[in-house]
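Hi,

Here is the structure I promised to pass on. Have a look at it first, and my notes follow below.

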Amino acid sequence: MAETTELVLELRGVTKVFPGIVALSDVHFDVRKGEVHAVVGENGAGKSTLCNVITGIFQPTRGAVLWRGKPIEIHHPSEALSLGIAMVYQERNLIPSLTGAQNICLGREFTRGGLIDESRCMSFAEALRERVGARAALDVQAGNLGASHQQMIEILRALVHQPQLLILDEPTASLDRNDIECLFKVVRRIKEEGTAVIFISHKLEEVYLIADRISVFRDGTKISTSAAAELDKQTCIRHMINREMTEQYPYVASSRGAKILEARGVSDGRILRGVDLDVCAGEVVGIYGLVGAGRTQFAEVLAGLRKTVSGTVRFDGKMMTVKDAPAARTRRGVFLIPEDRRRKGLFSAFTIRENTSISFLETLRGAFGLIRRGLERRRVREILDSGILHVSYKDIEQQVDELSGGNKQKVVIGRWIGRKGLKFLIMDEPTQGIDVAAKREVYNLMRELAERQGIGILCISSELPELLGVCDRICVMRAGSISAEFARGEFDQEKILTNAL
Amino acid sequence: MLEKVGRKKFNFAVSLRRYAVLATLVLLFSIFASVERSFSDAQNIFNILRQASVLGLLALGLTCIVSVGEFDISFAAVSTFCGVLSISLLMHGVNLYAAWMISIVAGVALGCLNGFDVVVLGMPSFIATLGLQSIMFGVSLYITAGTTLYAAVYPAGFEAIGRSFIFGIIPSPVIWFLLFGVLGILFLEFSRTGRYIYSVGGNPEAATHVGIDVRRIKFISFVIMGLLCGVAGVVMASMFGSGNPSMGDGYLSPAIIATFLGAVFLKDGLTNSRGTIVACLVLAVLQNGFVMTNVPYFMKDIVQGFVLLIAVGMVSVLKKQAAEGGKI
């Protein structure tokens with residue numbers, strides 16, 4: 001059944017270039033009728049870009065996409081859908097106020113006399129559910145359903161279009177073990193019907209349970225494609241991480257000062273389950289973990305953006321309470337550089353000047369509480385031009401949106417450098433989406449802040465090589481707690497990755 | 001966004017976009033002045049400014065609210081209430097200054113109430129202020145019994161804030177407009193709280209990360225709106241010499257129009273005090289000009305609507321083109 005070799009989809013030498021970044025590089029990839037083809041790789045390996053090219057969200061810069069042997073160009077997800085390519089995204093896309101059945105029929109409602117025929121809609125959804133053996137409540141509002149039911153409804157909704165290729169992006173991310181087994185049953189049924197499935201995941205154990213073939217991606221390149229039975233797990237992991245350690249990372253041991261952060265048993269009642277972590281002044285500590293392990297949540301707890309149900313956090317020996325809002329933490333010198341710069345870091349309507357000075361406006365106060373514009377300009381220029389940052393920009397009155405990703409990140413960092421009293425800096429994915437040269441500058445900056453200014457840095461990243469290069473210590477986070485800790489002398493890519501999976 | 005620093009090169013599209021409202025003001029003024037000679041008399045110009053004054057006070061307050069990312073539909077009803085209250089207090093023999101003070105404090109308190117609804121209870125601001133609008137309209141009806149309230153004799157000084165002329169020619173409301181206009185520009189564009197207001201309106205999440213108390217900034221904006229409603233109310237009452245339950249109604253949609261029309265002045269779609277002031281002048285010129293040139297009154301509303309649609313529409317199109325032509 002799965003051994004038919006009829007190709008449904010084929011990618012020939014597909015390259016996708018974004019300004020400053022090659023997201024996919026000369027990728028040859030194919031999917032056969034009735035197989036589950038798993039795509040694995042670390043975050044940023046190119047998995048999502050691959051999907052976005054297949055579903056028409058991105059057009060490839062070079063290379064060809066062949067659909068059942070014929071070259072095609074897909075410009076929009078709706079075109080992909082009409083060809084028979086359906087995708088279930090990692091984030092839920094259900095209308096919470098509609099029932100499961102209504103969600104499934106959304107866009108192709110059955111009508112009678114101009115009105116929606118609810119009972120036909122329900123029986124249609126039921127028939128579909130029985131066909132694939134799914135477990136999903138159809139008469140309950142989607143917003144009231146649990147993660148696994150919601151997931152199943154998304155899959156059913158994708159199946160309405162009778163796709164020949166179904167792409168599942170991290171479908172198990174929010175499911176527990178039982179739910180995963182149910183999901184896999186459905187996937188096997190779909191596959192038996194002849195539908196090809198692309199299964200994206202970074203949980204290797206699950207991949208081995210379901211996949212016929214596995215393709216490993218790394219840094220936008222496909223490393224290998226092999227039958228699941230012929231690729232052992234250790235080799236697979238090696239394919240995922242095997243990168244050359246270059247001169248990219250400027251590590252010089254810095255002198256460790258007093259303990260600046262002491263977190264004990266931090267739990268938020270949902271994702272975090274008792275995180276213990278210490279960071280000393282002058283130390284760069286990395287947190288490695290997969291998406292969903294609770295890294296960002298932990299950073300938010302430290303910054304006072306997320307409430308805890310138990311555990312304690314001390315900065316500089318002083319206990320933080322739940323009531324200490326972000327403002328109180330920044331006053332103590334604790335700053336967070338959030339992941340997702342565009343959404344959480346930048347004010348895109350502001351100029352470079354306004355984006356930089358926003359964190360230290362109180363030091364620029366002049367007569368009648370007005371901002372001293374001249375002083376503001378001088379301070380901002382000083383910070384941006386300083387040896388540590390040297391941001392390249394034309395004018396501080398430029399809109400910040402005109403800068404490249406790396407320079408935007410430097411502006412966000414500059415915000416905190418400009419503010420006196422910086423003691424502890426939390427950086428969540430600090431090099432996400434910036435080019436290699438800029439990454440190197442960010443690493444230099446981190447080391448300099450730690451070594452010269454004795455600042456404690458907590459760096460969260462899903463790029464292991466970056467942590468290996470820049471950190472004094474790496475803590476691995478898995479399922480809401482620290483699963484292992486490695487001092488610089490003990491760094492071992494495989495061990496670290498194994499503890500994260 | 002394509003807001004290049006235009007020091008080196010003159011960019012016609014950008015200038016057109018940024019000064020469209022000012023150009024409209026000049027254009028309308030010239031048209032009316034050429035049709036009716038007395039339109040450009042000093043006295044009529046002050047008349048126009050006077051007509052822009054109460055509108056300006058309210059629109060400046062609304063500019064703060066919209067800049068922080070919220071909305072207030074209650075301001076006209078609140079300022080009506082404050083005006084009616086001041087007249088009613090005077091009729092009951094309350095001291096002039098006490099009456100003014102009480103009315104303005106009432107406006108501030110109602111602003112606090114809106115702020116409480118939005119910030120503490122988490123209500124959508126449109127709905128919270130819609131509720132208050134209805135309540136305050138009803139209360140004003142109750143106070144006035146549905147008619148126009150006026151005292152036979154007002155205490156000396158009553159006319160000072162709304163009906164008198166400074167140096168014999170500048171109507172006193174214009175002074176308020178000028179004062180709060182300058183304060184508004186300084187506050188929103190040059191003060192820390194003003195910067196925080198824009199940052200909260202632009203990206204509340206990033207503002208939280210920077211350590212800005214988003215709730216406090218929103219609350220402050222509602223309080224400022226309340227204060228300006230109070231001031232506008234007492235000025236209105238003094239200007240009319242009376243109070244009636246619909247005295248502020250006529251300012252509701254012009255103030256909203258002025259705020260959003262002003263957002264295309266200088267900045268690309270960011271509400272700002274300077275823009276609001278210029279937009280209020282545009283609306284006042286329209287209102288005054290149509291009366292002076294004997295054009296039917298309804299034309300003012302029609303043209304006012306078109307000016308908003310054309311100005312904002314043009315900026316939207318130019319912005320879209322810039323975004324598509326520029327980076328990916």
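How many residues of chain A are in contact with chain B? There are 29 of them, and they meet 20 residues of chain B; two residues are in contact if their C-beta atoms, placed from the backbone, lie within 7 Å. Helices H10 (326-331) and H11 (341-345) of chain A each supply at least two residues of the side that touches chain B. By class, that side of chain A has 15 nonpolar, six polar and eight charged residues (Ala, Val, Leu, Ile, Met, Phe, Trp, Tyr, Cys and Pro count as nonpolar, Asp, Glu, Lys and Arg as charged, and the others, Gly among them, as polar).

Some housekeeping. This is a predicted model, where local features need pLDDT of at least 70 and side-chain atom pairs count only at pLDDT 80 or more, while totals for chains, interfaces and linings use all residues. Residues are numbered from 1 along each chain as its sequence is written, with chains lettered from A and ligands numbered from 1 in the order in which they are written. Helices (H or I, at least four residues) and strands (E, at least two) are DSSP runs, numbered from the N terminus.

Now the sheet in chain A. Six strands form an open sheet in the order S6-S9-S10-S3-S11-S12, with mixed pairing (two strands pair if DSSP finds at least two bridges between them). S6 (85-88) and S12 (221-227) of chain A stand at the edges with a single partner strand each, so one side of each has no neighbour in the sheet. S11 (213-218) of chain A pairs with S12(A) in the antiparallel sense over six bridges, and Phe217(A) has Lys222(A) in S12(A) as its bridge partner.

Helix H6 of chain A is worth a look too. (Buried takes 20 or more other C-beta atoms within 10 Å of a residue's own, exposed 12 or fewer, and partly exposed is in between, with C-beta atoms placed from the backbone.) Just after H6(A), Gly194(A) takes a positive phi of about 105°.

Cheers
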